[in-house]
Amino acid sequence: MKPTLKTLLAAMVASTTVLSAAATVQANERLLIGSTSSSSSHYGYFVAVNQIINSRLDGVSASVAETGATVDNLRRLSRDQIDLGLVTTNTGYHAYQGLEDFDGRPVDSRLLWVYTVAPQNVVMRQDADVATLEALEGVRFNPGITGSATESTTEAVLETLGISPDYVRGSTTDVVDSIKDGRIMGYAKSGVGNKLDGSTMDIATFTPVDVLSLSDEQAETLRAEMPDVAIVDIPEGAGDGIPAYTTWAFGVAVHAHPDLDEEIAYQIVKAVMENPEPQANAFSAIRDADLAEMTLQVGTVPLHPGAARYFEEQGLEIPDALKPAQ
């Protein structure tokens, strides 16, 4: 029996309906963002990013998942459980290269942007008579709170520079009290942007402090031997009476799964770069920060092609180490 015109039209309508439904499903891309503990200010930042994505990208629906931060997010990326998330630049580098905790188990993730940099400040009592990093040799010194990225990074940096302090472990509260009463001469502590953090300001209220600087030679050594950290120049005024200095730092970044659609990655980066106010309201450390410049300065793994496209459109030069992997 030959099909009637009515039958053919019905088939065409059905086919069109199926195609339209498929297109709708394809357009409604769902993304899951790995963040950190909900008690962290960084979680609030990712809530703001999530709102930007949902309000600025057509056909994309995102949600935020509370996670265990960097290492947990990298593992979730490797298992396709999240699409993008918080990753510190030093640990992201280790994972990408298959080093340290990721020895033999590399995780392939791609950089979208860096939203804050954490300078690692070596803060000393002025009466410790320690004016250079070399003078830390044998001095009672806390490398960072136990189990922190600051602790492990400080130890790696000083080992690379051939400096061996007398390390004293403890929590921030214990260490601050010990510096105040002279049981410890100093500590390493993440800064807040270009400012000293609250615990350092607390110490400085009644105990004059100095911040040690890398020498030019030490900075070059770290650039050559520790590509997982950035070298940053902090201008005068990090604290009262603190002159300009140079130190090491790591960034807090947003990494994506390498299979994230290029156009979606491009649109996310564009929306984030061009809508800074909601981010600054949620995470004040990024107010007046140049996220693009920060990304290209301290990123440690190749950019996602979508992110690279946006930065190139802005006339920015992408460092060789950050150019998208082939």
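Is Tyr115 buried or exposed? Tyr115 is buried, because its relative accessible area is 0%, where buried denotes under 20% relative accessible area, exposed over 50% and partly exposed the range in between (1.4 Å probe, protein chains only).

The model is predicted, so local features need pLDDT of at least 70 and side-chain atom pairs count only at pLDDT 80 or more, whereas totals for chains, interfaces and linings use all residues. Residues are numbered from 1 along each chain as its sequence is written, and side-chain values use heavy atoms, with hydrogens and water left out.

**Aromatic contacts**

Rings of Phe, Tyr and Trp (its six-membered ring) pair if their centres lie within 6.5 Å; planes under 30 degrees apart count as stacked, over 60 as edge-to-face and the rest as tilted. The count by this rule is seven aromatic pairs. Two of the pairs are set out below.

| Pair | Centre distance | Plane angle | Class |
|---|---|---|---|
| Tyr45 and Tyr115 | 4.0 Å | 15 degrees | stacked |
| Tyr115 and Phe283 | 5.6 Å | 80 degrees | edge-to-face |

Helices (H or I, at least four residues) and strands (E, at least two) are DSSP runs, numbered from the N terminus. Tyr45 is buried at a relative accessible area of 0%, and Phe283 is buried at 8%. Tyr45, Phe46, Tyr115 and Phe283 form one aromatic cluster.

**Helices H3 and H4**

Helix H3 (residues 70-78) packs with helix H4 (residues 89-97) at an angle of about 35 degrees, their axes being 10 Å apart. Axes are lines fitted to C-alpha atoms, for helices over the stretch in contact, and angles run from 0 to 180 degrees between N-to-C directions. In contact (heavy atoms within 4.5 Å) are Thr70, Val71 and Leu74 of H3 with Thr91, Gly92 and Ala95 of H4.

Tyr96 also lies in helix H4 and is partly exposed, with a relative accessible area of 23%. Leaving aside residues up to four places away in sequence, Tyr96 touches Pro106, Val107, Asp108, Ser109, Arg110, Val301, Pro302 and Ala325. The C-alpha atoms of Tyr96 and Thr300 are separated by 9.1 Å, although the two residues are 204 residues apart along the chain.
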